[in-house]
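Open the model in your viewer and keep the selection tool at hand. The stops below say what to pick next and what is there.

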Amino acid sequence: MQNKFISALKLMFRNANVFFRNQQWKEILIFLFFLLLAFVFWLLENLQQDYEQRVVLPLHYKNVPPEWILSEDNPQKVSVLLRDKGTTLMYFLWGAYFSPIDISVSNLSHATGQTLLVTAQELETMISKQLVSSPSIVSIEPHEITIKYDSLSSRSVPVIANVIVNAKPGFQVSGDIKISHPEIRLYGGKRILDTLNGISTKLYTIENASATRELTAELDLPAGVKTNQETVQLMVPVEEFTEKKIYLPVLCYDIPSNYALRIFPSTVEVACNIPLSLFKELDEEDMKIRLPFDEFEENRSTGKLPVRLTEKPSWVANAVIVPGEVEFIIEQLHHD
């Protein structure tokens, strides 16, 4: 079977060889070669002449002041008629890629009202910088550009750091996250700005933290809201923590003059985690347990009240009070 296939293949090549050795086919191939050569010379000759070609260039508006919003019906492209040698225009004819023409809005002159004008001369200069060669610009449509904009309302709001910190064992966040711009000015419609009491960063998660971290955070801006500060720098303080115990008195305020309050025990133990570097800084003056008399009176029937820290530094974490509740007696005083 294999021998038959090889024999048939040899026969096919032999017949093809005989066919192309034919004198008539030689003359045809020679004729086609010179015809192709003549076409190439004709094409090169014609491409040296001047031609016109229309191209479409996209527009990109940049450096828009944050208190402005551009109208959606502003021109997004221009049509340009070019004249140059055919060899140059072939580049445009074969679909060359054009980067958008950058129009710096903040540098434009006002026309009338809330409109800006890109003059024909300015537009031609921008287009000339974009072209890879230097063809002649015959016409531009539109020949000048009018840009419409609206003014926005503004409001300053605080920035909220949206960060989750998963620290290594023995480490914790040791204070407030510092924000490079704790307050920013937002621009947008008055209705949406009135609903914003602050603006958060996008959510960031820090894993295995064992030292202070810094990061650049993007603001999570609602649709239709702009700002000139789209990112902020965050510094997340992380330190090694240790445990410290202190003893605090349980205090009460707003006690009526005709009442006396007795608390058992009057002093409780507070065990908490604090940064190792601040171990010597923490004392009884930095933490308070001060509860209003109304809370005692509300629990008068049981004579017991859970206690809680009412003041503590931000870097104190996981505070545990022992005992977690105190007993008390309210006595009414009799004045003569």
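Select Ser79 in strand 3 (residues 77-85); strands are DSSP runs of E, at least two residues, and helices are runs of H or I, at least four, both numbered from the N terminus. This is a predicted model, where local features need pLDDT of at least 70, side-chain atom pairs count only at pLDDT 80 or more, and totals for chains, interfaces and linings use all residues. Residues are numbered from 1 along each chain as its sequence is written, and side-chain values use heavy atoms, with hydrogens and water left out.

Ser79 has 14% relative accessibility, so it counts as buried (under 20% relative accessible area; exposed is over 50%, partly exposed in between; 1.4 Å probe, protein chains only). Show its contacts (heavy atoms within 4.5 Å): beyond four places in sequence, Ser79 touches Arg54, Val55, Ser139, Ile140 and Glu141.

Next, select Met287, Ile289 and Phe296. These have the most contacts inside the largest nonpolar core, a set of 25 residues. Such a core joins buried Ala, Val, Leu, Ile, Met, Phe, Trp, Tyr and Cys residues through side-chain atoms within 4.5 Å. Color strand 21 (267-275), one of the elements that each supply at least two residues. Strand 21 gives the most, with four.

Stay on Phe296. Leaving aside neighbours within four places, its contacts include Leu305 and Phe328.

Now move to Asn299, in the loop between helix 6 (293-298) and strand 23 (304-306). Is Asn299 buried or partly exposed? At 24% relative accessibility, Asn299 counts as partly exposed. Beyond four places in sequence, Asn299 touches Lys304, Leu305 and Phe328. Draw the C-alpha to C-alpha distance from Asn299 to Phe328: 9.4 Å, across 29 residues in sequence.
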